[in-house]
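Below is a brief report on selected features of the structure shown here. Please read it alongside the sequence.

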Amino acid sequence: MSRPVAVPRAAMPLLTFAPLLRANGFPASPDQSQSFVTAVGLLGPRRMDDLYRAACAIFGPAPDRIDAFDALYRAHFLGQSLSAPAPGPEEEQAFEPEDGAAELFDPTEENTSGAEATAVESLSGRSFSAQEEVEALRRFRRMAQGRLPRRTSRRLRTARQGTRPHLRRALKDAVKRDGELLTLPVQKRRTAQRRLLVLIDISGSMKTETDRSLRFAHALMGVADRCEVFTLGTRLTRITRPLKLKHRTAAMEGASAVVSDWDGGTRLGDALAAFLSVPRYAGFARSACVIVLSDGLERGEPAPLVSAVDRLSRLAWRILWLSPLAADPSYRPQTEAMRHIAQMVGRIGSGASLPAVVDEVLNVARPV
Amino acid sequence: MAVTPVISGIAGPADLAEALRDAQYLAGEDLSTAAYLALALGKPLLLEGAPGVGKTEGAKAIASILGRQLVRLQCYEGIDASAALYEWNYPRQMLAIRQAGNEYVNIYADDFLVARPMLEALRHPSDTVLLIDEIDRADHEFEAFLLEFLSDFSISIPETGTVRAEVQPVVILTSNRTRELHEALRRRCVYHYIGYPDAAREATIVMMRASTVTRETAAKVVRAVSALREEPLAKAPGVAETVEWAEAATLLNTQGSTWPLAFRRAIGVSLKAQADVTVLADRLDALIDDAVA
């Protein structure tokens, strides 16, 4: 297989398509490239459609990136210019902005122009490296493994005390002792970390909290096994991927580049409804521990927000609502929306400072 | 890479689409191309899509046109090797040891091996189609483990040795996309995303699947369902729901319900969340009337 083969000139574009995809952030491996050439051969190809179908089947672009893929395909095989601003050749970049997710929810009200630019500015402009906060995050990282909520898994592990006989072990022991079994080895269910879903309110009223929330989400991302992070403002944006980067500054910059509605108006109810209407996203919430960082201040009718939280509470294992207004232990929700929400969520805790958020999340697994 | 351009008399996507049609499954050109390529290149076929668009049905149809038995492995969180590959029948082994007394007994004989779907498919690769259903429900460990299986098509059993497939088995994976699958897994597969079919195709599917439904009713149901899919619902009705709705409404109609009413009364087979029914409460009648008109 490894001897050099003379490639017919007509086949060259097929072979150069994979590198183009790679340069634009699509994973395309050499063996996929080889399969692509074989596939095109198998199909004839009789029409241009065949070529496109083969490309789709072999390289398998995710549905939310199909537009970018189409643009590249047209540019490469049909010689059309790239009309859409396709992501530049950033091979080192370990994340791609989720174009699909950002477009899921159309803002019904105008975004203030230049919001993105000011967001980046304000993000870097706000000072947040107070010693206390750094300390709190460090404490969180140290303690999270043992304190984040867990669920029983379907898998079993050997245990000193358990309810199920460990048959495999029993047979091994029996074989060693000529078929005699002295004690019955037992096993019990393993536990696994519960899925975490973080919803960050980035509307204007939460302006001072946004960085803190993002930094906390980043820390959480580092210690949690399965964690999804979304921002809710005038739109819904998934920022899980940028936050996966280990380096904090890079992760923050990545997240702020994806989100386009910093400090905008509050349409929390609509954004939550948009979140729940995508089955894939609603699936993230299923039996997960949901952490909402929001003051719950909603412009307009409270009804959409209340019904969305109601649905979320039926999907989730537990909802922890952290509001900066709830710093005082004697806090009672004031707005109508929050009064309703208080009855649905497991707990409304303080989101006033990073140490408070850390404490709340570390204690979420405690029985209420 | 072993390429077989003709599989059981199927020499191209068009042939495959036709065969699938005979098996009561309507595949678009995209799907038939992807499925044909998977079969011809000997790669697993990965089908993604919303619940109820016919991923599992597709796998069943492919198995039936190849004349093979479908071996289904339903994934769930925490699925492990003993549920997917094989397990020893420990009680029987134990009994065998006891009964043998001083005789020699091979407790790792094939008699004591309980084959689970993946081993079953490897043992009879040319008679089975392995369906790994809803792989997104399984956890990452299982996905990683699956990678090894899908590239080598072999399973090693420590006590006896390695079981290798004589020929490349046909493997179909489905995913509801509740989470992103790992790139390494996608890379090994031929991929197709099944979306909701267009109105004409969906009406044909309804006619095909539900023999009692008239052409007219099918068209009406499809109109109503596509209107429903426009609404912000928790769970938009899939193709399976469309078929059931048409069947249910037809049944009610034969028992004396008039047309718009039959649809309205059978709504429970199409919308299955109380929240959705409440959301639509005041508009539902108008929506159905529009579709039926």
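## Two positive phi values in chain B

Phe153(B) sits in the loop between H7 and strand S6 (154–157) of chain B. Helices (H or I, at least four residues) and strands (E, at least two) are DSSP runs, numbered from the N terminus. Phe153(B) is not a glycine, yet has a positive phi of about 50°. Phe153(B) counts as buried because it has 22 C-beta neighbours inside 10 Å. The classes are buried (20 or more other C-beta atoms within 10 Å of the residue's own), exposed (12 or fewer) and partly exposed (in between), with C-beta atoms placed from the backbone.

Glu134(B) also lies in a loop, between S5 and helix H7 (140–152) of chain B. Its phi is positive, about 55°, although Glu134(B) is not a glycine. Glu134(B) has 18 C-beta neighbours inside 10 Å, so it counts as partly exposed.

## Basis of the model

This is a predicted model: local features need pLDDT of at least 70, side-chain atom pairs count only at pLDDT 80 or more, and totals for chains, interfaces and linings use all residues. Residues are numbered from 1 along each chain as its sequence is written, while chains are lettered from A and ligands numbered from 1 in the order in which they are written.

## The sheet of chain B

Chain B holds an open sheet of 5 strands with parallel pairing, in the order S2-S5-S8-S1-S9. Strand S2 (69–74) and strand S9 (190–194) stand at the edges, each with a single partner strand, so one side of each has no neighbour in the sheet.

Strand S5 (residues 128–133) and strand S8 (residues 170–175) of chain B pair in the parallel sense over 4 bridges. Pairing requires at least two bridges found by DSSP. Val129(B) stands opposite Val170(B) in S8(B).

## Helices H2 and H3 of chain A

The axes of helix H2 (residues 30–43) and helix H3 (residues 48–59) of chain A come within 9 Å and cross at roughly 145°. Axes are lines fitted to C-alpha atoms, for helices over the stretch in contact, and angles run from 0 to 180 degrees between N-to-C directions.

Residues of H2(A) that meet H3(A) include Phe36(A), Ala39(A) and Leu43(A). Among those on the H3(A) side are Leu51(A), Ala54(A) and Ile58(A). Contact means C-beta atoms, placed from the backbone, within 7 Å.

## Chain A against chain B

Here 33 residues of chain A are in contact with 38 residues of chain B. On the chain A side, H2(A) gives the most, with 7 residues.

Note on methods. Two residues are in contact if their C-beta atoms, placed from the backbone, lie within 7 Å.
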